[in-house]
Amino acid sequence: MIRPWSTWPLRVRLVVTMTVLFAAVLGAVGVASTALLRENLMATLDGKVQDTIGRASAPMGQDHFMLAPGLDQDAVGAVFDQSGTVQQSGRSNFDTRTLTTAQINALAAVPDDGYYHDVNVPGLGTYRALAQHSPGGQSGGRVVVALPMARVSSTVQDLIATEAVLGVAGVILVGFVGFGLIRVSLRPLDRVAATAARISIVPLHEGEVGRLGRVPAQDTDTRTESGLVGASLNRMIDHVSAALEARHASETRVRQFVADASHELRTPLASIKGYAELTRRSRENVPPDAAYALRRVESEATRMTALVEDLLLLARLDAGRPLERDPVDLAPLVVDAVRDAHAAAPDHRWEVRLPDAAAEIVGDENRLRQVLVNLLANAGKHTPSGTTVTASLAVEDGCAVLGVADDGPGIPQELLPDVFERFARGDGSRSRKAGSTGLGLAIVAAVVASHGGQVWVTSEPGETVFCVRLPLAPLAAVAATT
Ligand SMILES: Nc1ncnc2c1ncn2[C@@H]1O[C@H](COP(=O)(O)OP(=O)(O)O)[C@@H](O)[C@H]1O
Ligand SMILES: [Mg+2]
């Protein structure tokens with residue numbers, strides 16, 4: 001199955017077109033020159049036949065017409081009388097002065113109409129023959145003389161053979177030289193394409209992109225087609241780089257702003273909380289509604305502090321601040337976190353499953369602790385009392401796998417796909433009361449991603465499982481140093 005012409009590579013199309021055109025021109029020249037040569041040789045031969053018949057029919061007194069002086073070599077001929085009976089026949093360069101009957105019959109068949117005829121003389125080949133009334137002899141007699149065509153056809157055949165050999169060699173040469181030339185002249189285009197391909201795999205969607213690479217200066221000469229493409233690509237790369245830098249700068253400003261704002265809010269929040277608490281405790285006779293209001297101020301300030309802490313942490317994670325890179329044993333982390341969660345939600349049943357092998361990874365201990373705290377707090381906060389929560393740690397395929405499972409009501413189906421997004425939370429009044437920010441799982445996702453791990457969740461009523469997979473120490477160490 002041949003592909004459509006338009007889908008062939010340009011270099012192949014150019015070479016094929018060039019070679020075919022060259023072959024066609026060569027062929028035309030060859031056919032024309034061969035035809036011309038043949039015509040020319042035939043005219044010469046016809047002239048010789050004419051000359052031979054003239055000499056043969058001139059009565060010079062010799063006893064055989066084929067002995068006439070100046071007769072062409074290789075000529076054959078015959079003389080017939082009025083009734084068509086052969087009188088003399090023979091070949092000029094042979095002593096045999098007679099021809100065979102078949103040969104004579106072939107000559108006898110030539111009409112004396114003044115034209116040259118091609119005759120096949122048996123045993124001798126194709127001849128060019130002319131017949132004429134013999135002026136001497138008996139009136140009405142005929143002389144027929146013929147010369148071999150072999151000279152013409154062998155010359156023509158030689159020419160054709162030479163043309164064919166030279167032509168084929170020429171076509172091959174043109175093909176190869178053309179292919180080489182075209183390849184060399186398309187090479188800059190390949191380099192431009194390579195640059196474009198390199199850029200196409202750079203992740204551009206977020207963060208600082210860095211230098212994108214450009215088409216080398218030698219391929220940006222706008223006087224050539226490929227240079228034009230290269231120069232245009234470079235201009236495009238410059239624009240894209242500038243846009244990406246601008247985006248990165250504005251992202252950085254926003255992050256910095258969020259981080260600064262969160263940081264600045266911590267102190268006043270702490271003051272509000274402290275003063276509210278102080279006022280509530282220090283006065284013996286605070287009216288009940290004022291005491292209630294103060295407690296509300298306190299709890300809202302606590303909620304806001306949590307929100308601000310989460311925002312600050314996320315802003316720092318977004319900024320891609322380098323993490324601590326220390327060896328962290330996950331087992332004690334799990335035990336501690338479960339103990340704290342138990343203290344916060346004593347009505348839940350808390351279980352821990354630890355592996356026999358050590359689960360040591362390289363990372364930032366405080367942030368990893370935050371992951372566990374967030375997952376366990378969710379399992380405590382978003383489930384009713386009496387729920388069993390199982391925290392597990394396992395080691396498999398060079399990874400540590402943390403699991404937090406509970407048999408509570410599960411995450412609402414409509415929330416499940418976005419549960420790791422910022423400010424995604426179940427809208428139950430319960431979670432609002434419990435100081436829900438909707439940032440806990442977003443922080444989990446960000447911390448896990450910054451440790452080169454993955455997190456996923458499955459949830460249905462009665463079984464909710466969060467899984468975190470983190471690469472174990474040796475691998476993480478290698479990844480960190482490279
Ligand atoms: N173990 C769980 N059981 C039921 N719902 C959960 C569980 N964990 C998380 N969720 C749901 O996912 C939402 C998002 O959790 P998270 O990002 O930690 O925010 P927050 O806990 O501050 O609400 C929660 O509001 C809750 O509706
Ligand atoms: Mg939470």
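How many bridges join E9 to strand E10? The count is eight, and the two strands run antiparallel. This briefing describes a predicted model. Its protein chain is divided into domain 1 (11-157), domain 2 (205-210 + 220-321) and domain 3 (326-481).

**Domain 2 and domain 3**

- The C-alpha centres of domain 2 and domain 3 are 24 Å apart.
- Contact between them involves nine residues of domain 2 and 15 residues of domain 3.
- Together the two domains bury about 1100 Å², and carbon and sulfur atoms account for 67% of that area.
- On the domain 2 side, the most area is lost to domain 3 by Arg303, Leu314 and Leu317, which together make up 48% of what that side buries.
- Two residue pairs are in polar contact between domain 2 and domain 3.
- Sorted by class, the side of domain 2 that touches domain 3 has five nonpolar residues, four charged residues and no polar ones.

**Salt bridges**

- In the model the count of salt bridges comes to 21.
- One salt bridge is found across the interface of domain 2 and domain 3.
- Asp318 and Arg422 meet through their side chains in a salt bridge, with an N to O distance of 2.9 Å.
- Another salt bridge joins the side chains of Asp219 and Arg191, at 2.6 Å from N to O.
- Asp219 lies in the loop between helix H3 (150-200) and helix H4 (225-282), while Arg191 lies in helix H3, so this pair ties together parts that are 28 residues apart in sequence.

- Strand E1 covers residues 76-80 and strand E2 covers residues 86-91; they pair in the antiparallel sense over five bridges.
- Ala78 stands opposite Ser89 in E2.
- E1 and E2 form a hairpin, with five residues between the strands.
- Gly84, in the turn of this hairpin, has a positive phi of about 90°.

- Strand E7 (residues 349-353) pairs with strand E9 (residues 388-396) in the parallel sense, over five bridges.
- Val352 has Ala391 in E9 as its bridge partner.
- Strand E10 (residues 399-406) is joined to E9 by eight bridges, and the two run antiparallel.
- For Val389, the bridge partner in E10 is Asp406.
- E9 and E10 form a hairpin with two residues between them.
- In the turn between E9 and E10, Asp397 has a positive phi of about 50°.

Notes
Residues numbered from 1 in each chain as written. Chains lettered and ligands numbered in written order. Predicted model: local features only at pLDDT ≥ 70, side-chain atom pairs only at ≥ 80, totals over all residues. Heavy atoms only, no water. Domains from an automatic or database assignment. Contact = heavy atoms within 4.5 Å. Buried area = accessible area lost by both parts, 1.4 Å probe. Salt bridge = Lys/Arg side-chain N within 4 Å of Asp/Glu carboxyl O. Polar contact = N/O pair within 3.5 Å; in protein donor to acceptor, adjacent residues only side chain to side chain. Nonpolar A, V, L, I, M, F, W, Y, C, P; charged D, E, K, R; others polar. Pairing = 2+ DSSP bridges. Helix = DSSP H or I, 4+ residues; strand = E, 2+ residues; numbered from the N terminus.
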